[in-house]
Amino acid sequence: MMGTGDEVVEIDSLERGLLSGTDENGAEDEAVLYTASFQEMEDNFVKYQTAQWVLYSLLLILAWGIGLFMLLYLPVRRYILRKDIRSKKLYLTPNSIVYKVTRPVPFPCFGVLKKEKHILLPSVADIVIEQGYLQSLFGIYSLRIENVGVRRPPSDDVQIQGIANPSAFRKAVLMRLSNMRTEAFSRQVSTLEDVPNFGVGNSSDACAHLVSPSKSLRQDSLSHPGDLILLQKLEEVGTSVKRVQTLIEVQHPQTAEHRD
């Protein structure tokens, strides 16, 4: 045996870095909302994978004879499958779906393969529950997490086999997504309510403030001829503003009637 402590680690570092609740040691600071279970399906999962392996082996025996070596490898395969399903962890946090699994490599003496996947909830389009004909014979379900955005091949989606109650996990994820969208909508509404209302009514007040200085300067212009030019400019501005106000009232008659 060599390198039993050597591990091949496969971690989506980009997605993991986006989650503030994970430190360098892998400790989770986020609360766990729902945890999926795999223990109840261990025996059925191993039987299903064994039946699938035997079928492939028989077909390859008829083809090239490789299936004979696959049948001899079957005890090791079953050992790997049990280690696989016992190590699976799938849970839901407020911001993501976390999936972890640790399985021996095809030759267990060379170490294990660790896989840790973090799927941000805003990127989740749907949770699909699938069951093929052979899976239905053993009561096994496959859970597939679809991503939003540009449609990618199904192989890019996260696929998990052997979950005990996939419907409950799907329901928990969809409920959390619904709550997140409701919270986001509430924040948008509160933001719009905080924005000042620059409607037609406010524009009329602004027009009044722009026109009023010309009235106050009309009397002073008689004693100060130099201010006559300024008075004319202000009157021109006031006239232009009145035209803009008239156009606004024509385009928004309902708002103008409400103001009256």
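F169 touches Y34, A36, L90, Y91, L92, I97, L143 and I163, leaving out residues up to four places away in sequence. Contact here means heavy atoms within 4.5 Å. The model is predicted: local features need pLDDT of at least 70, side-chain atom pairs count only at pLDDT 80 or more, and totals for chains, interfaces and linings use all residues. Residues are numbered from 1 along each chain as its sequence is written, and side-chain values use heavy atoms, without hydrogens and water.

F169 also belongs to the largest nonpolar core, which has 27 residues. Such a core is a set of buried Ala, Val, Leu, Ile, Met, Phe, Trp, Tyr and Cys residues joined through side-chain atoms within 4.5 Å. Buried means under 20% relative accessible area, exposed over 50%, and partly exposed in between (1.4 Å probe, protein chains only). L90, I97, F169 and V173 have the most contacts inside the core. Two or more residues come from each of α2, α4, β3, β4, β6 (124–130), β7 (142–147), β8 (158–161) and α6 (166–194). The most come from α6, with 4 residues. In soluble globular proteins, nonpolar side chains tend to be buried together.

The protein chain as a whole has 9 helices and 8 strands. These are DSSP runs numbered from the N terminus, with helices being H or I of at least four residues and strands being E of at least two. Of the 260 residues in the protein chain, 30% are buried. Among contacts with a separation of 6 or more, 59% link residues 24 or more positions apart.

Strand β4 (residues 96–104) has 7 of its 9 residues buried, so the strand is largely enclosed by the rest of the structure. Strand β3 (residues 89–92) pairs with β4 in the antiparallel sense over 4 bridges. Two strands count as paired if DSSP finds at least two bridges between them. A hairpin of 3 residues joins β3 to β4. L90 has Y99 as its bridge partner in β4. Strand β5 (residues 112–120) also pairs with β4 in the antiparallel sense, over 9 bridges. Here the bridge partner of R103 is L113 in β5.

Helix α4 (residues 74–87) has 14 residues, which should span 20 Å at 1.5 Å a residue; its end C-alpha atoms are 20 Å apart, in agreement. The expected span is 1.5 Å times one less than the number of residues. L74, I80, L81, D84, I85 and S87 are the buried residues of α4. Seen down the helix axis, they fall within an arc of 160 degrees, so they line one face of α4. The arc is taken over the directions from the helix axis to the C-beta atoms. These buried residues pack against α2 (42–63), α3 (66–72), β3 and β4. P75 and R86 are exposed on the other side of α4.

An unreviewed UniProt entry places the feature "transmembrane region" at residues 53–76. UniProt positions are given in the numbering used here, feature names are shortened, and annotations may be inferred rather than shown by experiment. In the model, residues 53–76 are 88% helix and 0% strand, with end C-alpha atoms 12 Å apart.

Y141 lies in the loop between α5 (133–138) and β7. At 32% relative accessibility, Y141 counts as partly exposed. Beyond neighbours within four places in sequence, Y141 contacts I129, E130, Q131, I160, Q161, G162, I163 and P166. Y141 and I129 are 12 residues apart in sequence, yet 6.8 Å apart in space, C-alpha to C-alpha.
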